[in-house]
Amino acid sequence: MTAPSVTGADAPKRAGAGLETDPASFRDPSGVVYRRDGTLFRQISEAYAPNWELLLSSGLHADLVGRGWLLPHEEAAIDQRLDESAWRVIRPLELDFISYPYEWTFGQLRDAALLTLSVQSRAMAAGMMLKDASAYNIQFHEGRPVLIDALSFERADEDAPWIAYRQFCQHFLAPLALMALRDVRCGLMLRDFIDGIPLDMAAGLLPATSRLRFGLATHLHLHSRAQRTSTRPAAADRAAQVKLSRGRLEALLDSLRSAVEGLRWEPTGTEWAEYGETTSYSQAAAESKARLVRQMLDRTDGDWVWDLGANTGYFSRLAADMGRRVVAVDGDAGAAERHYRYLRETDGTSVLPLVIDLANPSPALGWAHRERRSLVERANADVLVALALVHHLAIGNNVTLPLVSRFFAQLGRAAIVEFVPKSDPRVARMLATRADVFPNYSIDGFREAFSADWELVDEQPIEDSERTLFLFRRR
Amino acid sequence: MVLGYIDIGSGSLIIQALIAGLAAVPFFFRRQLGRVLAVVRRDEPQTRERVQR
(Lines give C-alpha, C1' and ligand atoms only; values in the text may rest on other atoms or scores of the structure.)
Protein backbone atom coordinates (compact mmCIF):
# COMPACT_ATOMS: atom_id res chain seq x y z
CA MET A 1 0.00 0.00 0.00
CA THR A 2 1.46 3.34 -1.00
CA ALA A 3 0.68 6.42 1.01
CA PRO A 4 -1.09 9.13 -0.98
CA SER A 5 0.68 12.30 -1.95
CA VAL A 6 -0.17 15.83 -0.94
CA THR A 7 -1.74 16.86 -4.20
CA GLY A 8 -3.60 13.63 -4.71
CA ALA A 9 -3.76 11.24 -7.64
CA ASP A 10 -1.73 8.21 -6.93
CA ALA A 11 -1.48 5.31 -9.39
CA PRO A 12 1.41 7.33 -10.75
CA LYS A 13 3.25 7.11 -14.02
CA ARG A 14 6.81 5.85 -14.02
CA ALA A 15 9.25 8.52 -15.14
CA GLY A 16 12.35 6.46 -14.37
CA ALA A 17 13.62 4.03 -11.81
CA GLY A 18 11.97 4.85 -8.49
CA LEU A 19 10.63 8.10 -9.93
CA GLU A 20 6.93 8.86 -10.30
CA THR A 21 5.33 12.18 -11.25
CA ASP A 22 2.06 13.09 -9.61
CA PRO A 23 -0.75 13.11 -12.20
CA ALA A 24 -2.62 15.86 -10.34
CA SER A 25 0.11 18.50 -10.48
CA PHE A 26 0.47 19.04 -14.21
CA ARG A 27 -1.55 22.28 -14.40
CA ASP A 28 0.77 24.48 -12.40
CA PRO A 29 3.99 25.38 -14.25
CA SER A 30 5.52 26.65 -10.97
CA GLY A 31 6.51 23.19 -9.85
CA VAL A 32 5.91 19.50 -10.35
CA VAL A 33 5.12 17.09 -7.55
CA TYR A 34 6.79 13.71 -7.78
CA ARG A 35 7.91 10.77 -5.75
CA ARG A 36 11.46 9.47 -5.67
CA ASP A 37 11.94 6.06 -4.06
CA GLY A 38 8.71 6.59 -2.18
CA THR A 39 9.53 10.07 -0.84
CA LEU A 40 7.41 13.02 -1.91
CA PHE A 41 9.26 15.96 -3.50
CA ARG A 42 8.33 19.11 -5.33
CA GLN A 43 10.65 20.95 -7.64
CA ILE A 44 10.33 24.69 -8.10
CA SER A 45 10.88 26.08 -11.57
CA GLU A 46 13.23 28.95 -12.42
CA ALA A 47 10.24 31.07 -13.44
CA TYR A 48 8.74 30.82 -9.97
CA ALA A 49 11.97 31.70 -8.15
CA PRO A 50 11.20 35.42 -7.49
CA ASN A 51 7.84 34.51 -5.98
CA TRP A 52 9.33 31.79 -3.80
CA GLU A 53 12.01 34.11 -2.52
CA LEU A 54 9.46 36.80 -1.73
CA LEU A 55 7.26 34.25 0.06
CA LEU A 56 10.15 33.41 2.36
CA SER A 57 11.80 36.84 2.72
CA SER A 58 8.52 38.66 3.42
CA GLY A 59 7.90 36.39 6.40
CA LEU A 60 4.57 35.31 4.89
CA HIS A 61 5.58 31.66 4.78
CA ALA A 62 6.66 31.58 8.42
CA ASP A 63 3.52 33.51 9.42
CA LEU A 64 1.17 31.08 7.67
CA VAL A 65 2.96 27.95 8.85
CA GLY A 66 3.02 29.37 12.39
CA ARG A 67 -0.73 29.86 12.31
CA GLY A 68 -1.23 26.30 11.08
CA TRP A 69 -2.71 27.63 7.83
CA LEU A 70 -0.03 26.31 5.49
CA LEU A 71 1.49 22.85 5.46
CA PRO A 72 5.22 23.07 6.23
CA HIS A 73 8.00 21.68 4.03
CA GLU A 74 11.70 20.94 4.28
CA GLU A 75 14.39 22.07 1.86
CA ALA A 76 15.85 19.21 -0.15
CA ALA A 77 19.10 18.85 -2.08
CA ILE A 78 18.96 19.99 -5.71
CA ASP A 79 20.17 16.60 -6.91
CA GLN A 80 16.79 15.23 -5.85
CA ARG A 81 15.27 17.14 -8.76
CA LEU A 82 13.00 15.58 -11.34
CA ASP A 83 14.57 17.28 -14.36
CA GLU A 84 16.83 20.09 -15.54
CA SER A 85 14.15 22.76 -15.20
CA ALA A 86 14.40 22.61 -11.41
CA TRP A 87 15.60 25.70 -9.57
CA ARG A 88 15.08 24.32 -6.09
CA VAL A 89 13.62 21.18 -4.53
CA ILE A 90 11.43 20.94 -1.44
CA ARG A 91 9.98 18.05 0.51
CA PRO A 92 6.40 18.90 1.60
CA LEU A 93 5.01 17.36 4.76
CA GLU A 94 3.11 14.35 3.54
CA LEU A 95 -0.47 13.69 4.55
CA ASP A 96 -1.54 10.09 5.04
CA PHE A 97 -5.02 10.59 3.70
CA ILE A 98 -6.38 12.98 1.07
CA SER A 99 -10.04 13.97 0.97
CA TYR A 100 -11.88 15.92 -1.70
CA PRO A 101 -14.36 18.82 -1.51
CA TYR A 102 -17.25 16.66 -2.75
CA GLU A 103 -16.70 14.49 0.32
CA TRP A 104 -16.79 17.33 2.82
CA THR A 105 -19.67 18.40 4.98
CA PHE A 106 -21.14 21.87 4.55
CA GLY A 107 -19.17 23.11 7.57
CA GLN A 108 -15.91 21.69 6.24
CA LEU A 109 -16.32 23.39 2.86
CA ARG A 110 -17.27 26.64 4.64
CA ASP A 111 -14.22 26.48 6.92
CA ALA A 112 -12.02 25.76 3.89
CA ALA A 113 -13.48 28.84 2.14
CA LEU A 114 -12.85 31.06 5.15
CA LEU A 115 -9.29 29.77 5.46
CA THR A 116 -8.68 30.58 1.79
CA LEU A 117 -9.86 34.17 2.38
CA SER A 118 -7.79 34.49 5.54
CA VAL A 119 -4.69 33.28 3.71
CA GLN A 120 -5.36 35.75 0.88
CA SER A 121 -5.65 38.60 3.42
CA ARG A 122 -2.32 37.70 5.03
CA ALA A 123 -0.76 37.40 1.57
CA MET A 124 -1.98 40.88 0.62
CA ALA A 125 -0.46 42.32 3.77
CA ALA A 126 2.86 40.83 2.60
CA GLY A 127 2.56 42.20 -0.95
CA MET A 128 1.52 38.87 -2.44
CA MET A 129 -1.70 37.16 -3.45
CA LEU A 130 -3.12 33.68 -3.91
CA LYS A 131 -2.86 32.92 -7.60
CA ASP A 132 -5.40 30.16 -7.29
CA ALA A 133 -8.25 29.47 -4.91
CA SER A 134 -8.84 25.81 -5.63
CA ALA A 135 -10.71 23.86 -2.98
CA TYR A 136 -8.38 20.96 -3.82
CA ASN A 137 -5.49 22.97 -2.37
CA ILE A 138 -7.09 22.62 1.05
CA GLN A 139 -6.87 19.46 3.13
CA PHE A 140 -8.01 18.64 6.64
CA HIS A 141 -5.04 18.01 8.87
CA GLU A 142 -5.52 17.29 12.58
CA GLY A 143 -9.09 18.51 12.48
CA ARG A 144 -8.44 21.82 10.76
CA PRO A 145 -8.31 23.00 7.15
CA VAL A 146 -4.81 23.75 5.89
CA LEU A 147 -3.44 25.02 2.57
CA ILE A 148 -1.21 22.31 1.12
CA ASP A 149 0.20 24.18 -1.87
CA ALA A 150 3.07 26.47 -0.91
CA LEU A 151 3.48 27.46 -4.56
CA SER A 152 0.10 29.21 -4.61
CA PHE A 153 1.49 32.68 -4.00
CA GLU A 154 2.75 35.33 -6.35
CA ARG A 155 3.85 38.92 -6.08
CA ALA A 156 0.85 41.27 -6.25
CA ASP A 157 1.37 44.23 -8.57
CA GLU A 158 0.03 47.47 -7.23
CA ASP A 159 -3.62 47.89 -8.22
CA ALA A 160 -3.83 44.28 -9.40
CA PRO A 161 -7.23 42.55 -9.12
CA TRP A 162 -7.48 39.13 -7.48
CA ILE A 163 -6.89 36.68 -10.30
CA ALA A 164 -8.34 33.78 -8.33
CA TYR A 165 -11.65 35.57 -7.77
CA ARG A 166 -13.57 33.51 -10.30
CA GLN A 167 -12.11 30.28 -9.00
CA PHE A 168 -13.03 31.17 -5.43
CA CYS A 169 -16.65 31.81 -6.48
CA GLN A 170 -16.82 28.52 -8.40
CA HIS A 171 -15.04 26.31 -5.87
CA PHE A 172 -16.52 27.73 -2.70
CA LEU A 173 -19.22 30.37 -2.88
CA ALA A 174 -21.43 28.72 -5.50
CA PRO A 175 -21.51 25.23 -3.91
CA LEU A 176 -21.93 26.68 -0.41
CA ALA A 177 -24.85 28.85 -1.55
CA LEU A 178 -26.51 25.89 -3.27
CA MET A 179 -25.98 23.67 -0.22
CA ALA A 180 -27.33 26.28 2.20
CA LEU A 181 -30.20 27.69 0.18
CA ARG A 182 -31.24 24.90 -2.18
CA ASP A 183 -30.20 21.44 -1.00
CA VAL A 184 -27.18 20.31 0.98
CA ARG A 185 -26.70 17.40 -1.43
CA CYS A 186 -25.72 19.93 -4.11
CA GLY A 187 -22.23 19.55 -2.67
CA LEU A 188 -22.01 16.37 -4.74
CA MET A 189 -22.15 18.49 -7.91
CA LEU A 190 -18.48 19.20 -7.31
CA ARG A 191 -17.90 15.64 -8.46
CA ASP A 192 -19.13 16.51 -11.95
CA PHE A 193 -17.58 19.96 -12.15
CA ILE A 194 -13.96 19.54 -11.22
CA ASP A 195 -13.18 23.27 -11.53
CA GLY A 196 -16.15 24.27 -9.39
CA ILE A 197 -19.80 24.92 -10.12
CA PRO A 198 -20.26 27.06 -13.27
CA LEU A 199 -21.72 30.35 -12.08
CA ASP A 200 -24.53 30.47 -14.65
CA MET A 201 -25.66 27.08 -13.42
CA ALA A 202 -25.52 28.12 -9.78
CA ALA A 203 -27.40 31.33 -10.56
CA GLY A 204 -30.11 29.35 -12.34
CA LEU A 205 -30.50 26.83 -9.53
CA LEU A 206 -30.47 29.21 -6.58
CA PRO A 207 -33.81 30.42 -5.23
CA ALA A 208 -34.85 33.91 -6.36
CA THR A 209 -34.50 35.14 -2.78
CA SER A 210 -30.73 34.62 -3.06
CA ARG A 211 -30.72 37.90 -5.01
CA LEU A 212 -31.71 39.71 -1.85
CA ARG A 213 -28.32 38.95 -0.32
CA PHE A 214 -25.76 41.49 -1.45
CA GLY A 215 -22.93 38.94 -1.58
CA LEU A 216 -24.82 36.44 -3.71
CA ALA A 217 -26.49 39.09 -5.90
CA THR A 218 -23.06 40.38 -6.84
CA HIS A 219 -20.48 37.58 -6.60
CA LEU A 220 -22.78 34.95 -8.14
CA HIS A 221 -25.66 36.50 -10.07
CA LEU A 222 -24.01 39.65 -11.42
CA HIS A 223 -20.72 37.79 -11.86
CA SER A 224 -22.46 35.11 -13.93
CA ARG A 225 -24.06 37.76 -16.19
CA ALA A 226 -20.69 39.40 -16.71
CA GLN A 227 -19.22 36.09 -17.83
CA ARG A 228 -21.87 35.84 -20.55
CA THR A 229 -20.83 39.13 -22.15
CA SER A 230 -17.13 38.50 -21.68
CA THR A 231 -16.76 36.50 -24.90
CA ARG A 232 -16.74 39.71 -26.95
CA PRO A 233 -13.23 40.48 -28.28
CA ALA A 234 -13.10 43.89 -26.62
CA ALA A 235 -13.61 42.29 -23.20
CA ALA A 236 -10.15 40.71 -23.14
CA ASP A 237 -8.51 44.09 -23.77
CA ARG A 238 -10.63 45.74 -21.14
CA ALA A 239 -9.90 42.95 -18.67
CA ALA A 240 -6.16 43.40 -19.06
CA GLN A 241 -6.60 47.05 -18.09
CA VAL A 242 -8.55 46.37 -14.90
CA LYS A 243 -7.06 48.06 -11.88
CA LEU A 244 -8.21 47.63 -8.34
CA SER A 245 -6.91 49.80 -5.53
CA ARG A 246 -5.71 48.08 -2.40
CA GLY A 247 -8.67 49.44 -0.43
CA ARG A 248 -11.19 48.17 -2.92
CA LEU A 249 -9.54 44.76 -3.00
CA GLU A 250 -9.85 44.62 0.78
CA ALA A 251 -13.51 45.55 0.43
CA LEU A 252 -13.98 42.76 -2.12
CA LEU A 253 -12.45 40.18 0.22
CA ASP A 254 -14.48 41.50 3.15
CA SER A 255 -17.60 41.15 1.05
CA LEU A 256 -16.71 37.58 0.05
CA ARG A 257 -16.14 36.73 3.70
CA SER A 258 -19.52 38.19 4.69
CA ALA A 259 -21.17 36.25 1.88
CA VAL A 260 -19.64 32.97 3.09
CA GLU A 261 -20.31 33.70 6.76
CA GLY A 262 -23.90 34.55 5.92
CA LEU A 263 -24.47 31.04 4.55
CA ARG A 264 -25.63 28.63 7.22
CA TRP A 265 -27.14 25.22 7.19
CA GLU A 266 -28.66 23.36 10.12
CA PRO A 267 -28.59 19.56 9.90
CA THR A 268 -32.21 18.71 10.59
CA GLY A 269 -34.63 16.70 8.55
CA THR A 270 -32.05 14.60 6.76
CA GLU A 271 -32.44 10.90 7.07
CA TRP A 272 -30.08 10.06 9.90
CA ALA A 273 -29.38 13.39 11.56
CA GLU A 274 -31.37 12.38 14.62
CA TYR A 275 -30.42 8.75 14.53
CA GLY A 276 -27.63 9.16 17.05
CA GLU A 277 -30.08 9.96 19.82
CA THR A 278 -32.62 7.28 18.96
CA THR A 279 -30.64 4.06 18.74
CA SER A 280 -32.75 0.99 18.37
CA TYR A 281 -31.21 -1.15 21.07
CA SER A 282 -31.13 -1.11 24.87
CA GLN A 283 -28.67 0.58 27.14
CA ALA A 284 -27.24 -2.82 28.11
CA ALA A 285 -26.75 -3.71 24.45
CA ALA A 286 -25.09 -0.35 23.76
CA GLU A 287 -22.65 -0.84 26.65
CA SER A 288 -21.89 -4.40 25.61
CA LYS A 289 -21.28 -3.29 22.01
CA ALA A 290 -18.91 -0.49 23.05
CA ARG A 291 -16.99 -2.87 25.32
CA LEU A 292 -16.66 -5.49 22.60
CA VAL A 293 -15.59 -2.98 19.96
CA ARG A 294 -12.92 -1.67 22.31
CA GLN A 295 -11.67 -5.20 23.04
CA MET A 296 -11.54 -6.07 19.36
CA LEU A 297 -9.78 -2.81 18.44
CA ASP A 298 -7.22 -3.66 21.10
CA ARG A 299 -6.44 -6.85 19.21
CA THR A 300 -5.64 -4.96 15.99
CA ASP A 301 -2.61 -2.88 15.10
CA GLY A 302 -1.89 0.11 12.86
CA ASP A 303 -2.82 3.79 13.08
CA TRP A 304 -5.73 4.12 10.72
CA VAL A 305 -9.28 3.14 11.47
CA TRP A 306 -12.03 3.69 8.90
CA ASP A 307 -15.41 3.90 10.58
CA LEU A 308 -17.90 3.01 7.85
CA GLY A 309 -21.41 4.26 8.49
CA ALA A 310 -20.02 6.39 11.30
CA ASN A 311 -23.22 8.37 11.88
CA THR A 312 -22.43 11.18 14.35
CA GLY A 313 -19.19 9.49 15.37
CA TYR A 314 -19.69 7.66 18.69
CA PHE A 315 -17.44 4.75 17.71
CA SER A 316 -15.01 7.00 15.82
CA ARG A 317 -14.35 8.83 19.07
CA LEU A 318 -14.02 5.54 20.88
CA ALA A 319 -11.25 4.58 18.44
CA ALA A 320 -9.68 8.06 18.65
CA ASP A 321 -9.63 7.79 22.45
CA MET A 322 -7.57 4.62 21.99
CA GLY A 323 -4.96 6.63 20.07
CA ARG A 324 -6.12 5.76 16.56
CA ARG A 325 -6.62 8.14 13.66
CA VAL A 326 -10.01 7.81 12.09
CA VAL A 327 -11.65 8.42 8.73
CA ALA A 328 -15.37 8.50 9.57
CA VAL A 329 -17.53 7.89 6.53
CA ASP A 330 -21.27 8.39 6.41
CA GLY A 331 -23.62 8.86 3.50
CA ASP A 332 -25.82 11.28 5.39
CA ALA A 333 -24.80 14.93 5.16
CA GLY A 334 -26.59 15.81 8.39
CA ALA A 335 -24.96 13.14 10.52
CA ALA A 336 -21.49 13.96 9.16
CA GLU A 337 -22.05 17.68 9.72
CA ARG A 338 -23.04 17.06 13.33
CA HIS A 339 -19.97 14.90 13.73
CA TYR A 340 -17.75 17.66 12.32
CA ARG A 341 -19.30 20.31 14.57
CA TYR A 342 -18.82 18.16 17.63
CA LEU A 343 -15.16 17.67 16.74
CA ARG A 344 -14.69 21.42 16.22
CA GLU A 345 -16.26 22.21 19.56
CA THR A 346 -14.16 19.64 21.40
CA ASP A 347 -10.92 20.28 19.49
CA GLY A 348 -10.95 16.71 18.21
CA THR A 349 -7.91 16.29 15.98
CA SER A 350 -7.82 12.56 15.24
CA VAL A 351 -11.05 12.10 13.31
CA LEU A 352 -11.94 13.19 9.79
CA PRO A 353 -15.67 12.96 9.07
CA LEU A 354 -16.64 12.67 5.40
CA VAL A 355 -19.90 12.40 3.46
CA ILE A 356 -19.58 9.32 1.26
CA ASP A 357 -22.30 6.93 0.14
CA LEU A 358 -20.67 3.51 0.37
CA ALA A 359 -23.12 2.13 -2.19
CA ASN A 360 -21.68 4.67 -4.65
CA PRO A 361 -18.24 5.72 -3.36
CA SER A 362 -16.16 8.54 -4.87
CA PRO A 363 -14.84 7.54 -8.30
CA ALA A 364 -11.54 8.40 -9.98
CA LEU A 365 -11.99 11.75 -11.70
CA GLY A 366 -10.37 14.39 -13.84
CA TRP A 367 -7.90 14.16 -16.67
CA ALA A 368 -7.43 10.52 -17.70
CA HIS A 369 -9.15 9.53 -14.41
CA ARG A 370 -5.93 10.35 -12.62
CA GLU A 371 -6.36 13.75 -10.96
CA ARG A 372 -8.69 12.68 -8.17
CA ARG A 373 -8.40 9.17 -6.89
CA SER A 374 -11.26 6.84 -6.09
CA LEU A 375 -11.99 5.96 -2.49
CA VAL A 376 -10.53 2.49 -2.98
CA GLU A 377 -7.30 3.94 -4.43
CA ARG A 378 -6.95 6.04 -1.27
CA ALA A 379 -7.74 3.19 1.12
CA ASN A 380 -5.24 3.13 3.96
CA ALA A 381 -7.30 1.47 6.68
CA ASP A 382 -5.52 -0.79 9.11
CA VAL A 383 -8.89 -1.57 10.64
CA LEU A 384 -12.39 -1.19 9.27
CA VAL A 385 -15.22 -0.69 11.72
CA ALA A 386 -18.60 -1.45 10.14
CA LEU A 387 -21.30 -1.33 12.77
CA ALA A 388 -24.99 -1.55 11.91
CA LEU A 389 -24.00 -1.13 8.27
CA VAL A 390 -24.11 -4.50 6.52
CA HIS A 391 -27.92 -4.77 6.61
CA HIS A 392 -28.19 -1.35 4.94
CA LEU A 393 -25.92 -2.47 2.12
CA ALA A 394 -27.39 -5.97 1.83
CA ILE A 395 -31.09 -5.29 2.34
CA GLY A 396 -31.29 -1.55 1.67
CA ASN A 397 -29.21 -1.68 -1.52
CA ASN A 398 -29.48 -5.34 -2.60
CA VAL A 399 -25.70 -5.80 -2.42
CA THR A 400 -25.04 -9.47 -1.80
CA LEU A 401 -22.93 -10.45 1.21
CA PRO A 402 -19.99 -11.80 -0.88
CA LEU A 403 -19.83 -8.40 -2.63
CA VAL A 404 -19.85 -6.57 0.71
CA SER A 405 -17.03 -8.81 1.90
CA ARG A 406 -14.97 -8.21 -1.23
CA PHE A 407 -15.42 -4.43 -1.09
CA PHE A 408 -14.41 -4.31 2.57
CA ALA A 409 -11.31 -6.34 1.70
CA GLN A 410 -10.31 -3.61 -0.77
CA LEU A 411 -10.42 -0.99 1.98
CA GLY A 412 -8.68 -2.51 4.99
CA ARG A 413 -6.67 -5.42 6.33
CA ALA A 414 -8.68 -6.04 9.50
CA ALA A 415 -12.38 -5.53 10.10
CA ILE A 416 -14.79 -5.33 13.00
CA VAL A 417 -18.21 -6.01 11.52
CA GLU A 418 -21.59 -6.15 13.19
CA PHE A 419 -24.18 -8.58 11.87
CA VAL A 420 -27.82 -7.72 12.49
CA PRO A 421 -30.21 -10.64 11.74
CA LYS A 422 -33.59 -10.43 10.05
CA SER A 423 -35.33 -10.88 13.40
CA ASP A 424 -33.87 -7.62 14.72
CA PRO A 425 -36.60 -4.92 14.88
CA ARG A 426 -34.61 -2.58 12.65
CA VAL A 427 -34.14 -5.12 9.86
CA ALA A 428 -37.69 -6.38 10.29
CA ARG A 429 -38.90 -2.84 9.66
CA MET A 430 -36.79 -2.63 6.48
CA LEU A 431 -38.33 -5.88 5.26
CA ALA A 432 -41.89 -4.97 6.23
CA THR A 433 -42.50 -2.98 3.06
CA ARG A 434 -40.75 -5.20 0.54
CA ALA A 435 -40.38 -8.79 -0.61
CA ASP A 436 -37.74 -10.77 1.24
CA VAL A 437 -35.44 -11.65 -1.66
CA PHE A 438 -32.48 -12.28 0.63
CA PRO A 439 -32.47 -16.03 1.37
CA ASN A 440 -28.73 -15.97 2.21
CA TYR A 441 -29.03 -13.09 4.66
CA SER A 442 -28.40 -15.05 7.86
CA ILE A 443 -25.55 -15.30 10.30
CA ASP A 444 -24.39 -18.51 8.62
CA GLY A 445 -24.64 -16.92 5.19
CA PHE A 446 -22.67 -13.95 6.49
CA ARG A 447 -19.92 -16.15 7.95
CA GLU A 448 -19.75 -18.14 4.73
CA ALA A 449 -19.61 -15.02 2.52
CA PHE A 450 -16.89 -13.31 4.54
CA SER A 451 -14.77 -16.47 4.79
CA ALA A 452 -13.79 -15.99 1.13
CA ASP A 453 -11.78 -12.84 1.85
CA TRP A 454 -11.36 -12.85 5.63
CA GLU A 455 -10.07 -15.10 8.34
CA LEU A 456 -12.36 -15.17 11.37
CA VAL A 457 -10.48 -14.09 14.50
CA ASP A 458 -13.32 -13.71 16.97
CA GLU A 459 -17.09 -13.69 17.18
CA GLN A 460 -19.02 -12.28 20.14
CA PRO A 461 -22.76 -11.86 20.71
CA ILE A 462 -23.85 -8.40 21.80
CA GLU A 463 -25.69 -8.72 25.11
CA ASP A 464 -29.41 -8.05 25.28
CA SER A 465 -29.75 -8.13 21.49
CA GLU A 466 -29.70 -10.55 18.59
CA ARG A 467 -26.68 -8.89 17.05
CA THR A 468 -23.17 -10.32 16.71
CA LEU A 469 -19.76 -8.68 16.40
CA PHE A 470 -17.07 -10.26 14.24
CA LEU A 471 -13.36 -9.58 14.13
CA PHE A 472 -11.73 -10.52 10.83
CA ARG A 473 -8.21 -10.45 9.42
CA ARG A 474 -7.85 -10.21 5.65
CA ARG A 475 -6.59 -13.34 3.94
CA MET B 1 -0.61 42.96 -16.51
CA VAL B 2 0.53 39.34 -16.56
CA LEU B 3 -2.41 37.01 -16.08
CA GLY B 4 -2.39 33.79 -14.09
CA TYR B 5 -1.92 30.24 -15.26
CA ILE B 6 -5.56 29.45 -14.61
CA ASP B 7 -8.21 31.00 -16.84
CA ILE B 8 -9.24 33.95 -14.75
CA GLY B 9 -12.00 35.06 -17.12
CA SER B 10 -12.30 38.49 -18.71
CA GLY B 11 -15.81 39.00 -17.37
CA SER B 12 -14.73 38.00 -13.87
CA LEU B 13 -11.98 40.62 -13.88
CA ILE B 14 -14.16 43.42 -15.19
CA ILE B 15 -17.03 42.69 -12.84
CA GLN B 16 -14.62 42.26 -9.93
CA ALA B 17 -13.68 45.91 -10.18
CA LEU B 18 -17.32 46.96 -10.25
CA ILE B 19 -18.33 44.73 -7.33
CA ALA B 20 -15.31 45.86 -5.32
CA GLY B 21 -16.47 49.44 -5.90
CA LEU B 22 -19.94 48.59 -4.63
CA ALA B 23 -18.59 46.72 -1.63
CA ALA B 24 -16.18 49.52 -0.82
CA VAL B 25 -18.95 51.95 0.15
CA PRO B 26 -20.26 50.09 3.21
CA PHE B 27 -16.77 48.76 3.90
CA PHE B 28 -15.20 52.18 4.31
CA PHE B 29 -18.25 53.50 6.12
CA ARG B 30 -17.95 50.65 8.64
CA ARG B 31 -14.24 51.26 8.97
CA GLN B 32 -14.74 54.97 9.64
CA LEU B 33 -17.53 54.17 12.06
CA GLY B 34 -15.20 51.71 13.76
CA ARG B 35 -12.55 54.39 14.17
CA VAL B 36 -15.04 56.84 15.62
CA LEU B 37 -16.37 54.21 18.02
CA ALA B 38 -12.84 53.27 18.96
CA VAL B 39 -12.12 56.83 20.02
CA VAL B 40 -15.38 57.03 21.92
CA ARG B 41 -14.90 53.69 23.66
CA ARG B 42 -11.14 54.03 24.06
CA ASP B 43 -10.66 50.35 23.24
CA GLU B 44 -8.97 51.05 19.98
CA PRO B 45 -6.91 47.89 19.33
CA GLN B 46 -9.77 45.46 19.78
CA THR B 47 -12.19 47.41 17.60
CA ARG B 48 -9.70 48.03 14.86
CA GLU B 49 -8.89 44.37 14.70
CA ARG B 50 -12.54 43.48 14.30
CA VAL B 51 -13.12 46.00 11.55
CA GLN B 52 -10.03 45.00 9.63
CA ARG B 53 -10.76 41.31 9.71
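How many residues of chain B are in contact with chain A? The count is 22 residues of chain B, and they touch 34 residues of chain A. Please keep in mind throughout that this is a predicted model. On the side of chain B that touches chain A, there are 15 nonpolar residues, seven polar ones and no charged ones. As for chain B itself, two helices and zero strands are assigned. Of its 53 residues, 26% are buried.

In what order do the seven strands of the open sheet run? The order is 13-12-11-14-15-17-16, and the pairing is mixed. From one strand to the next, the twist averages 20°.

Some of the pairings in detail. Strand 11 of chain A, residues 304-308, runs parallel to strand 14 of chain A, residues 383-386, and four bridges join them. One bridge to look for is A:Asp307 with A:Val385 in strand 14. Helix 9 of chain A, residues 283-298, packs on this sheet and touches strands 14, 15, 16 and 17 of chain A. The direction of helix 9 makes about 15° with that of strand 17 of chain A.

Strand 11 of chain A also pairs with strand 12 of chain A, in the parallel sense, over five bridges. There, A:Trp304 has A:Arg325 as its bridge partner. Why do I call strand 12 of chain A largely enclosed by the rest of the structure? Because five of its six residues, in the stretch 325-330, are buried.

Strand 12 of chain A pairs in turn with strand 13 of chain A, again parallel and over five bridges. A:Val326 is bridged to A:Val351 in that pair.

Next, a residue that touches both chains. Which residues is A:Leu249 in contact with, leaving aside neighbours within four places in sequence? They are A:Met124, A:Trp162, A:Leu244 and, from the other chain, B:Ala20. A:Leu249 sits in helix 8 of chain A, residues 246-261. With 25 other C-beta atoms within 10 Å, A:Leu249 is buried, because the cut-off is 20 or more. The C-alpha atom of A:Leu249 is 8.5 Å from that of A:Asp159, although the two are 90 residues apart along the chain.

On to helix 4 of chain A. Of its 17 residues, 16 are buried. This helix, residues 165-181, has a kink of about 30° at A:Leu173, shortly before the proline A:Pro175.

Strand 8 and strand 9 of chain A form a hairpin with two residues between them. The two strands run antiparallel and are joined by four bridges, with A:His141 partnered by A:Arg144 in strand 9. A:Glu142 lies in the loop between them and has a positive phi of about 50° although it is not a glycine. Is A:Glu142 buried or partly exposed? With 13 C-beta neighbours inside 10 Å, A:Glu142 counts as partly exposed.

The other is A:Asn398, with a positive phi of about 55°, and it is not a glycine either. A:Asn398 is found in the loop between helix 12, residues 390-396, and helix 13, residues 401-411, of chain A. A:Asn398 has 12 C-beta neighbours inside 10 Å and so counts as exposed.

That is what I had.

Key: Residues numbered from 1 in each chain as written. Chains lettered and ligands numbered in written order. Predicted model: local features only at pLDDT ≥ 70, side-chain atom pairs only at ≥ 80, totals over all residues. Bend = angle between axes of the 7 residues up to and from the residue. Pairing = 2+ DSSP bridges. Axes fitted to C-alpha atoms, helices over the stretch in contact; angles between N-to-C directions. Contact = placed C-beta atoms within 7 Å. Nonpolar A, V, L, I, M, F, W, Y, C, P; charged D, E, K, R; others polar.
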